[in-house]
Amino acid sequence: MVTLTKYVIGPDVALRLAHNETVIPDEHQILAPTLLRSQMLSLLYQAVGCGEISKKDADRRLNYVRGLRIRLLGDRVLQSTAWKIADQLGWPDTFAAEYVALTLLQADAFITLDAELAQAVQELVTTAPIEALS
């Protein structure tokens with residue numbers, strides 16, 4: 001029997017996976033707050049706007065992420081937990097706290113490319129490197 005490992009990913013990780021066209025093994029389940037979609041769209045729009053990537057490449061990356069088996073969540077409990085986490089850590093908003101809250105509530109580990117964020121939440125949740133997904 002295969003054990004399913006649940007990972008919460010942020011938009012930074014989703015974009016890196018898309019850039020590398022990483023194949024996610026079946027034994028991994030990916031979760032994210034529903035805000036992942038909007039954050040990804042915004043980051044890709046900005047990247048196209050400043051000439052980092054082409055619109056065609058942005059579309060390819062969006063299609064890759066849309067094709068991933070990501071369970072998107074954003075219920076009342078998640079939002080309440082995110083509020084508490086942001087307040088506890090003194091953050092100016094709740095965006096990152098939603099990823100941490102989801103990890104706390106439903107996942108085994110949080111994957112982020114942001115070393116400062118990983119450091120800030122190390123007492124609350126387990127973090128893992130992006131390589132854990134391959």
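## Surroundings of I111

Apart from neighbours within four places in sequence, I111 is in contact (heavy atoms within 4.5 Å) with Y7, V8, I9, G10, V13, A128, P129, I130 and L133. The model is predicted: local features need pLDDT of at least 70, side-chain atom pairs count only at pLDDT 80 or more, and totals for chains, interfaces and linings use all residues. Residues are numbered from 1 along each chain as its sequence is written, and side-chain values use heavy atoms, with hydrogens and water left out.

## Helix α1

Helices (H or I, at least four residues) and strands (E, at least two) are DSSP runs, numbered from the N terminus. Helix α1 spans residues 11–20 and contains D12. D12 is partly exposed, with a relative accessible area of 25%; buried means under 20%, exposed over 50%, and partly exposed in between (1.4 Å probe, protein chains only). The buried residues of α1 are P11, V13, A14, L15, L17 and A18. Among the elements that cover them are β1 (5–9) and β4 (109–111).

Strand β2 (residues 28–33) is largely enclosed by the rest of the structure, because six of its six residues are buried. H28, I30 and A32 lie on one side, and Q29, L31 and P33 on the other. In a regular strand the side chains alternate between the two faces of the sheet.

Two strands pair if DSSP finds at least two bridges between them. β2 pairs in the parallel sense with β1 over four bridges, and Y7 stands opposite I30. β2 also pairs in the parallel sense with β3 (residues 70–73), over four bridges; there, R71 is the bridge partner of L31.
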